Each structure stands twice: as structure tokens, then as C-alpha cells.
Amino acid sequence: MKRLLIAQLALCCFALPAIAAAQATATAIAKNGPNADKIVLAIIGDGYASGDMATYRDDVDRLVMDDLFYEDPTLVANRSAFNIYRVDVESNDSGVSEWFYKLKPGGDSSNAADWELDPNQTQITNDTALGYVANGVWAKCWHEYVISSADTSARIQNVLNEAGLAPDKVIVVLNTSRLVGCAGGSRLVVNSGTHSGVVAHELGHMVPGLSDEYWVSGKTWSGGYHNHKNCSTVLNQSSVYWSDLLAPGVDLPTIYDATTMDPDDYVGMFEGCRYAEFGIYRPVHNCRMRGSGEFCPVCEREWSTSTAPYRDSYADYMAVANYPGALCKGAYAQLAYNTYAHVQNPWTVSRWAVCPAKRVHLNGLFSTYFFGFAWVKDRHPDQDVCCRVRTRNPGGAIRDGVESCSEASSAGYQMLRLDFPKVNDPYTWSHVEVLCKLPPVHNNIRSEILTYRVGQDRF
Ligand SMILES: [Zn+2]
């Protein structure tokens, strides 16, 4: 662990080692088509030493996948536009550098130049792969670089070259609990201790080019006419940028009323946007571009427009087929079938059902990526129906997709999404199946699989 005072850095001549030793590698964590047809995201960690790499993978899964592309409704709706790669690169030190600033006397906290290093604090400078510093100052984008911006950009490029990636956008995750969240150009920087909402917000800047919907207290908009995406100075029903999405009969400007307005869904013109509290308006009370809500309908539409060229392009070469649940076979024990061709578990213990699908040719070659859906009835009070996509090679090799489970017992059917990430299996002899665990019969009522779908891609 190398901890230097900034004062020492300035006085003398420390040379930090140029690049961490281990070769950077890239792992696809979401693939929805050829890179050329998709928005390619690369995630790179900084300040993760060799002993931190398991934590890094967990951080990426949580921040970008589990809580974001799996969970946020807007990102879920847009995710087929993305190919996402996790780049593993080790830093020599654990944790990014942390510098501590104070506001100059009489300074404006929103002005970066009014902040100076606090001589009463120990400034921590670590040797990390990309050289990022968490600085705790919003006006300084929450972060800066140990040496220079150009140097860090060169380091990022080196890492990407080593990993063999040419992404459209880069997400940098800094190993620090200090808050960092900033996007500029095609790069987004967050800290590992943050939540996925910050990543969603910053992606909102980077992909659809949305503005911040928050403001600096007391500031009046001075930028003149502005009527674009999610901020507008045009207080007019018919010419505001989102005129067609305004709530019927809405008053302009709109004063938020918590008893009648959904905070992130009721569209009007609420004062405060793009860092100004007065003179410019935002579509809803509290969109993800302002705070903790979900993306508002206006921002959602910008998302949809910006990703449209990248979504669904795989329709050309994707094969999808639905199958009746009765095709499923019991593993280890026979299952039952009803007159609707559903498969049911009649046993007093849970049972596995193997639901096969035809492996297809696409453009004359076998498919290599697999996903699915299952429509199930969960009739057990405290056990769920859980399914996944699986491929299996005669040689015994198995590739499992992520398991998805029913929410709660219900007489109605539930759809389980088994589509993200897709299972990749390049082997010609492998077959594909949906594998489900059915809970035991309960009060003589059986859980069942009504139907299932398997989709296949090749790329
Ligand atoms: Zn919004």
C-alpha cells in the first residue's frame, strides 16, 4: 500500500508505475447480437487489487446487471440494444486515491475553481490501474486524476487494447465508498459503494443525452431559449418539447401535489431543470434525472428513440418457438399431464421437469445463443416454480442460464423471463432445454408448466 501526501508529490519526483502488471481481459456479461449492431458498453474497475477481483465482479453484477438491466423498467425495455463487457484489470493498490478539498472563504460551491485541497486532511494517493481520484466535490465531477486526464485516457485505451475491445461507451467503477457519479462524452464514472440508480442516471446522460433535472438553489436560467429533450423554457401547451405527453388538463407551470400527482409519471412543467431553479421547466416532479424516481415518460421516450436502431436488429437471424408444457419430461420420476397439455407435478416432493427444444440452423449453421420464457402456475404457498435455460453436451458439459422463479402462489399463470443473459454454447452436438423445478402438490392442487418458449441466435 502506497500512501503519499499530495504535498510530497508536488515537491518531488515520485514516478508511479505506469500500468498494473496483469493483462486486462474482457468477459461478455450480456450479448444481444454482433457488436457492430449494438451499443457496446465496457465496464472497467479502478483500485481493485488482485485480492479484490471477486468483489469487483460482484460490484459489476449488482450495479450494472442485477439492479439495473434486470430491474429498472426503462433499462429492461432497452437492454436488447446493448452488448456489455466486464473488463478485469488489476491495480497495485486496493482502493482509488482519495483527496479532500475545502471551499475557499466566500467561495461558490458550484464553482470548481473555488475549491482547494484541505491542508488539514491526509490526502491518499494510491497506485491504481487508471489513476482516478475520488474528491468528494460535485463541482469537480466528484473525481479527477492522479496525473492528468490525458494520462488516464491513455491508460483506459491501453486497457481496452489489451482486452481487445472497442466499445462505444465506458463505465468506470472506482473502488471507494466516497460518492462518485459523473458522465461526460462516452465515459461514465461511479464509485463501487453507490447504487444502480446512479448508474441509470449517468447512462441517461450518456445514451439518450438527457439533462439533469435538478438545480442549484437560487439560480435562475440564463441560457436563453431552450426546448430540448427533458428541459424547456417554453411554457406553452402546444410547443413545449413534450407537448403530446402532457397530462390532460394540466396547469402550466405545474405545482406538485403529492395527493393527486404521481411523482415520476404525472407530466406537466415543473420549475427547475439543468441546474437552474427558476425560468426553466422539467416534465415531472421527480424523475431519475433529478433524484430517486424512475425515468419519467419524457425521458423514457428519449431512451426508446436513441436505442431504436440497436434494438431488435437480431430479428433477422433469431429463431423463436413456443412449445406446450406437455413436451416436458420428468427427471428421476414421471410427471402428470392434464387435458390442456400442461405438465404437472403430482408428487408430495418437488420434481424436475426437462423441457426440450429443437436446436435450429440459422444461416446454415447451428445456433450458439439461447434464451427462453416459461409460463407457469405456482400453487404452493411457500415454494416457487423455478426455471432456467440449459444446454447439455453428450460429453456431459452443461451451460446454465440464470434461474428465474415465480413470485408467489397464484391460480393465474406467471411468465418467467429466462432471456438475460443468453446462454452461449458453441458446440454442435449440444441440445437446449428449459429446466424447471416444480413444487410439491399442495391441498391436492398441482403446480404446472403451461407452455415455454426457446429463442436461439447465432453470432
Ligand atoms: Zn425525466
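Predicted model: local features only at pLDDT ≥ 70, side-chain atom pairs only at ≥ 80, totals over all residues.
As background, nonpolar side chains in soluble globular proteins tend to be buried together.

Staying with strand β2, we find Ile44 there, and Ile44 is buried, with a relative accessible area of 0%.

Now to the salt bridges, of which the structure holds 14. Asp88 forms one with Arg57, with the closest N and O atoms 3.4 Å apart, and this pair links distant parts of the chain, since Asp88 sits in strand β3 and Arg57 in helix α2, 31 residues apart. Asp88 also pairs with Arg86, the closest N and O atoms here being 2.8 Å apart. Is Asp88 buried or partly exposed? At 10% relative accessibility, Asp88 counts as buried, whereas Arg57, at 32%, counts as partly exposed.

Further along, Asp457 forms a salt bridge with Lys422; Asp457 lies in strand β30 and Lys422 in strand β28, so the pair ties together parts that are 35 residues apart in sequence. Asp457 is buried, with a relative accessible area of 0%, and Lys422 is buried as well, at 11%.

Finally, on the surface, Asp262, Asp265, Glu294 and Glu300 gather in a patch of negative charge, and Glu294 has its place in the loop between β16 and α6.

Key. Residues numbered from 1 in each chain as written. Heavy atoms only, no water. Patch = residues over 30% accessible without salt bridge, like charges linked within 9 Å, V, L, I, M, F, W, Y side chains within 5 Å. Areas by Shrake-Rupley, 256 points an atom, 1.4 Å probe, with all protein chains shown as cover. Salt bridge = Lys/Arg side-chain N within 4 Å of Asp/Glu carboxyl O. Lys, Arg positive; Asp, Glu negative; His and termini not counted. Charge placed at Lys NZ, Arg CZ, Asp CG, Glu CD. Helix = DSSP H or I, 4+ residues; strand = E, 2+ residues; numbered from the N terminus. Buried < 20%, exposed > 50% of the residue type's maximum accessible area, 1.4 Å probe, protein only.
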